[in-house]
Each structure stands twice: as structure tokens, then as C-alpha cells.
Amino acid sequence: MIILTLNCGSSSAKYQVYDWETKDVLAVGIVEKVTIGGSFITHKAKGKEEVVLNHDCPTHTDAINLIIKILTSRDMGVINDMSVIKTVGHRVVHGGDKFTKSVIVDNAAMEAFTAMQDLSPLHNPANIMGIEAAKKVLPDVPHCAIMDTAWHQTMPPENYLYAVPTEWYEKYQVRRYGFHGTSFLYTAKRAAVLLGQDPFRTNVIICHIGNGASINAVKDGLSFDTSMGITPLEGLVMGTRSGDVDPSVPFYVMRKTGMSVSDIENALNKKSGLLGLTGKHTDRRDIQAAAVGGDKQALQAQHIEAHHVKKYIGAYQAVLGRVDALVLTAGVGEFAWFMREKYLDGLDGIGMVFDPQKNRISCTRNTETCISKSESKIPIFVIPTDEELVMTEDAYALMKGTYDTHTHFTYSFQSRDYVNKGRAEGLKSDLVKNPELERIIARPR
């Protein structure tokens, strides 16, 4: 049985093909520059070399058709025909407060996603287009929506309500929703396994840091607080998003410049963050190279980003009371050791003592590592996220009728014996290149 997962952005379509019987990833890839011209697909099938092909995709339907063509092709494909795909899991960024778990997409769900487009104008329209496009190509299988916001529906009112007029919430659903929920679910469950604890008696702080970034305080296995808000704009300094700013800043700039609401929204979402601070960079590797080369703006941008991360870690330790582990994940959290160093430096006073040497060794997506010193009261884990696996398991369970909220549902990766076959193979190569990695691998207690 084959399960396809899709993550459609405004100009992209990311996919994974998973064989449920062998518990193995057959292929992954992404179509980029969808709708804007110059589109191309990057495709990696198991046991084959990665390929990059130019192919115009003026719509998401064209992108889905291209994916299907590649997946079933003789040279690059991994399946004979589409009949082997039995369900499709779709990432939906904003589910509002209507969804506390993943669902099979029906007309009511599509209407709800459409109604919430104002809450997520940069994400939900693309997610909806992806679902509609996939349904045209695969009309006879269940299509399942896995919401970023569902994980955070356990937050108490004091953590999700803003101190604004109550009618804004009652009439317009203005509240904190939080995002990256699928990643937080995976890493929270894996952290509990590594700690050897009941997941619902485990408190962790998780830093999901990529181009988009947020931090989650997890209390007794449930989302308790998170840095992103009604949209993914609030919180940490990100690649192009500002993160926290004084709410009066947009009004001040509008008065000074005559910028419109849409101009300001675009500036805060697409021209701010690290791009705004450096004037040209969003990739942490480029910023690091510039900083090492003496670029003062790049160095300052790193300090500003790290400062915000530290503030949230400290705040979430205060609200949790007891912290069993600190977790770093996503592209930057997993690979950018130089940024982890800046995030973690100086946290000794709150019981988080990282080991600089271990930190530099940990640069892999193929295993979980521990980068804290032995005297650290709170272990520091780097846990590579696996959002696609969560989407795959949700989609399968929904199709079979066995799915429920994560408080009443057990994932395969919650087992002490869980092994990701693809990552296990990749780890062999990593250990050949970097034998020291062996000594920092985090194993279940």
C-alpha cells in the first residue's frame, strides 16, 4: 500500500511516497516556482541519483500532474501506476480552532479552510489549491488534511488569548493559534522516548528553527504555549519574517511613508527578519560566511536572532516550572551548529549546559544526538523532525478508521525500537565520514 503526502506552498509542491508494507520512503521531491514561471522539479528516488528537470507548471494541477508523471516513469519512477496509491495526506497550515486533529477532507472541511483564508492569506490558499489539484488527479481515494494548528488546541485560554477587546475573539477569532504542530508532535514524542518517560508526564521546550521558526512549551505531553500567534509572523526572528515587534510600528511607518496595509503586511512577512537586517541574506550559512568575513550587519543579525531564541527558552522554562529536555529541530536547528552555539551560550544558569565539541559534531538528519555536557541538569537533544511520517500515519489511520487525537493514538515512532530505514542507511555513511558522531548518538534510557 502506497501513501502519498503533499505540502503545497504558494509557489511549490513538496511530496513524499511511502510504502506502508515495508515502512520505507520510496521517493521525495519538490516542484518549485509553480505559477510564477521557470518551474522545475527536484526528485530523489530510493537507490537512484537525484534528478532536476525543468518543466513549466502554471498551476498546482500542472505540478501534481508532473509529480505523478515522474513517479510512474520508467527511469525515475517508483510505482507502476496510480492505483497503488490508497490515500493522500495534505499539509494545511491553518485549521483555526475548528480542528483539534487531522480529518478526511470533505465539503465541510474545504469550506472551513476557505473561510479561514483571512487568518492565513499566505498559506491556506495554496494548501486548498493543492488539495483541489490532487483530487482531480486522484478522485477515488481519501484525501486527508493534517493541520499545523491542531497540536496547539490544548493551550489554555490564558496562553492563547490576546489582551484585546473580547469581541475581536468572539467575532473574528483573534487569538494565538501556533504552527509547526506536526513537527512539535513528532519531536515531543521522540524526546519522551529518549528520556524513557511517559509522554504525558514529560515537559520539553522545542525549538523548530528553519526559514520559519517557532518555539513550543510542552507540558505533560501537550502544547502549553508557543511563539507564533494568529499567523506565523509573531515570535522569533525568521528568514524574512520580523517576529515580535511593537504593534504600533506598522502604523508609524504607514503614517511616515504612505504605505498601505498590504504593503506593510508584505514587508513584515517577506522583507523583514534576517533579510531585513542583513539587506541580502536569509540562509544562515550565507550569514555565517559574511559574519566570519567581517560583515557587521550579518554578525548583528545573528546576535538579534539568538537573543530572541534565548528569551523564549527562558520564558518557557519559567511557565513550565520543570523542564525535562531542550530540543532543537528543523533545518537550522539540525545543521547550523554555529547558530546553536549562539542560542545555547550562557544558558548554564538555568541548567542547560551545552558541549561545544559535541555541538559541532552534530550535523545530520539521520540520527538523534545529545549535545549537552554530563553535568547539565537538563539534557539538550537535536532531534531531526519527520513531519511527513506524522502525515503518513495520520492519513493511513484516517483511511482505516483507527485515528484519534494524539492523546488517544500511538505512533510507530513512540516505540523504543523504532527505526527509520532510510535514516539508518544514511547514518552508516555519516559514521564513515564522521566517526565521532557515534559517541553523541542519543539512545532511549
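A cavity, in this briefing, is a set of grid points where a 1.4 Å probe fits but cannot get out, and the second largest cavity of this structure has a volume of about 30 Å³. The model described here is a predicted one.

**Cavities**

- The count comes to two cavities of 30 Å³ or more, and the largest cavity has a volume of about 50 Å³.
- The lining of the largest cavity is made up of W151, A188, K189, A192, P199, T202, V204, V218 and G221, and by class these divide into six nonpolar, two polar and one charged.
- Helix 6 gives the most to the lining of the largest cavity, namely three residues.
- Around the second largest cavity stand T5, L6, N7, K14, Y15, Q16, E388 and M391, a lining with three nonpolar, three polar and two charged residues.
- At least two residues of the lining of the second largest cavity come from each of strand 1 (2-9), strand 2 and helix 15 (387-400).

**The second largest pocket**

- About 1100 Å³ of space lies in the second largest pocket, whose lining consists of 30 residues, with I230, T231, L233, P250 and L268 lying nearest its centre.
- Helix 5 (166-172), helix 7 (248-257) and helix 8 (261-270) each contribute at least two residues to the lining of the second largest pocket, and the largest share, five residues, is that of helix 8.
- In the lining of the second largest pocket, 19 residues are nonpolar, six are polar and five are charged.

**Helix 6 and the residues beside it**

- Helix 6, residues 181-195, has 15 residues and reaches 21 Å from its first C-alpha to its last, which is close to the 21 Å expected at 1.5 Å a residue.
- Helix 6 is mostly covered, for 15 of its 15 residues are buried.
- H180, in the loop between helix 5 and helix 6, has a phi near 60 degrees, a positive value in a residue other than glycine.
- With a relative accessible area of 9%, H180 is buried.
- Just after helix 6, G196 takes a positive phi of about 70 degrees.

**Salt bridges**

- The count of salt bridges in the model comes to 13, and one of them joins R190 and E368, whose closest N and O atoms are 2.8 Å apart.
- Because R190 lies in helix 6 and E368 in the loop between helix 14 (356-361) and strand 13 (369-370), this pair ties together parts that are 178 residues apart in sequence.
- Both partners, R190 and E368, are buried.
- A salt bridge also forms between the side chains of E334 and R365, at 2.7 Å from N to O, and this pair links distant parts of the chain, with E334 in helix 12 (residues 330-335) and R365 in the loop between helix 14 and strand 13, 31 residues apart.
- E334 is buried, with a relative accessible area of 0%, whereas R365 is partly exposed, with a relative accessible area of 36%.
- R443 and E438 form a further salt bridge, in which the closest N and O atoms are 2.8 Å apart.
- R443 counts as partly exposed at 48% relative accessibility, and E438 is partly exposed with a relative accessible area of 37%.

**Cysteines**

- The structure holds zero disulfides, and C57 is in none, the nearest cysteine sulfur being that of C8, 11 Å away.
- At 1% relative accessibility, C57 counts as buried, because buried means under 20% relative accessible area.
- C207 is likewise in no disulfide, as the nearest cysteine sulfur, that of C370, is 15 Å away.
- C207 is buried, with a relative accessible area of 0%.

**A loop between two strands**

- K23 has a positive phi of about 55 degrees although it is not a glycine, and K23 is placed in the loop between strand 2 (12-19) and strand 3 (24-32).
- K23 is partly exposed, with a relative accessible area of 37%.

Key. Residues numbered from 1 in each chain as written. Predicted model: local features only at pLDDT ≥ 70, side-chain atom pairs only at ≥ 80, totals over all residues. Heavy atoms only, no water. 1 Å grid on protein atoms, 1.4 Å probe; cavity = no way out; pocket = protein on both sides within 12 Å on 5 of 7 lines; lining within 4 Å. Points joined across faces, edges and corners; volume = space filled by probe spheres on them. Helix = DSSP H or I, 4+ residues; strand = E, 2+ residues; numbered from the N terminus. Nonpolar A, V, L, I, M, F, W, Y, C, P; charged D, E, K, R; others polar. Disulfide = S-S within 2.5 Å. Buried < 20%, exposed > 50% of the residue type's maximum accessible area, 1.4 Å probe, protein only. Expected span 1.5 Å × (residues − 1). Salt bridge = Lys/Arg side-chain N within 4 Å of Asp/Glu carboxyl O.
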